[in-house]
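Subject: Structure for your review

Dear colleague,

Here is the structure, with the sequence alongside. My notes follow below.

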Amino acid sequence: MHGILIIAPNWIGDAVMTQPLLASLKEQYPEANIDVLASTWVAPIYRACSEVHEVIEAKFEHKQLQWNLRKQLAKELATRKYQACFVLPNSLKSALIPWLANIPFRVGYRGELRFGLINLSLDNPSKVNRPPMVEHYLALSQLLNEGQIASTVSNFVPKLNVSATADQSVQTKLLNAKVDPTNLYVMCPGAEYGPTKRWPTSHFAQLAQKLIASNPRSQIILLGSKGDHALAQEIQYETKQDSHIHNWCGDTSLDEAIALIGMSKAIISNDSGLMHIAAALRTPQVAIFGSSDPAHTPPLSDKAKVIWLNLPCSPCHKRECPLGHLKCLNDILPEQVFATLNTSQQ
């Protein structure tokens, strides 16, 4: 097996969960180059994976077929003569490129009318009994087994590395902002999915004040996408623009966010892609869950503490609270998170 292509998932958290699959493939096929075709959005995750030979970035857009782009990519990839491709998203369009590129073994889960496009496949698990995401992706690694010894990667946890370039870039940013990197905390108030995954900004603000009161040298960076900038502004407003709190939402690349999380004392986040990055970097963390299920997508790290109230209405997996009270998040108090944070750093 000389060349393996991975078609990456579209979400940051899911991308982190695929790293054990890459490790398993590298163990089974140590001579093979593993390349990843990824959207610009998730490409930095694969740049932080030591198993990846090359990351091929494409400007994929959500819910768009982009037929001409896919045909062009397939034409370019065909010249590389990959022997196998792992198609990790479930969509029909994600399976088109390896089929058009004539890659012989196309591995993935059955889904969305992909008969023929995928030729080595597993049944998708039922929505009721879903396995943890790492196991879901890792199961695909055995489908290529041509009498090989099965991979010993079993209870695997994702691992990421910080790139030297991103680390240097962040060090410069911290210096310019006069932020002490030795007393750095990261808070991530956003979650792409919606309000039922977002701990209230007023709670984040109270937690920030507690952190600063307990250690006046603490510096807090609010991290996230451009879409989270307004949430971070609310936190700054609630803390009366405290000079220890910096809103960097939308002002860092994902490569820089990975470096920043890697050097922080601890991170407090919702169930989000940044939560999974923190776990893969072994940064002490407190992960706050509301509408989602920590059994399915937990932060996989011995330095992670999860807070989930497990209410009778949870997990509802809805974007908006169907009961209108959002108790699953509102009732997680800053005092509880602060106490949990202190134990996560011990």
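Cys 321 has a relative accessibility of 23% and therefore counts as partly exposed; the classes are buried under 20% relative accessible area, exposed over 50% and partly exposed in between, with a 1.4 Å probe and protein chains only. This is a predicted model, in which local features need pLDDT of at least 70 and side-chain atom pairs count only at pLDDT 80 or more, while totals for chains, interfaces and linings use all residues. Residues are numbered from 1 along each chain as its sequence is written, and side-chain values use heavy atoms, with hydrogens and water left out.

Cysteines. The search of the whole structure gave 0 disulfides, a disulfide being a pair of cysteine sulfur atoms within 2.5 Å. For Cys 321, the nearest cysteine sulfur belongs to Cys 328, 6.4 Å away. For Cys 188, the nearest is that of Cys 249, at 7.7 Å. Cys 188 counts as buried because its relative accessibility is 1%.

Sheet. An open sheet is formed by 6 strands in the order β3-β2-β1-β4-β5-β6, with parallel pairing. Two strands pair if DSSP finds at least two bridges between them; helices (H or I, at least four residues) and strands (E, at least two) are DSSP runs, numbered from the N terminus. The edges are β3 (54-58) and β6 (120-122); each has a single partner strand, so one side of each is without a neighbour in the sheet. From one strand to the next the twist averages 15°; axes are lines fitted to C-alpha atoms, for helices over the stretch in contact, and angles run from 0 to 180 degrees between N-to-C directions. Strand β2 (residues 33-39) pairs with β3 over 5 bridges, and Ala 38 has Glu 57 in β3 as its bridge partner. Helix α5 (residues 92-100) packs on the sheet and touches β1 (3-7), β2, β4 (84-87) and β5 (105-109), its direction making about 175° with that of β4.

Cores. A nonpolar core is a set of buried Ala, Val, Leu, Ile, Met, Phe, Trp, Tyr and Cys residues joined through side-chain atoms within 4.5 Å. The largest has 56 residues, of which Ile 45, Tyr 46 and Ile 277 touch the most other members. Helix α10 (residues 254-263) gives the most to this core, 7 residues. A second, separate core of 27 residues includes Trp 199 and Ile 307.

Loop. Thr 239 sits between α9 (229-238) and β9 (245-247) and is buried, at 5% relative accessible area.

Regards

Conventions. Contact means heavy atoms within 4.5 Å.
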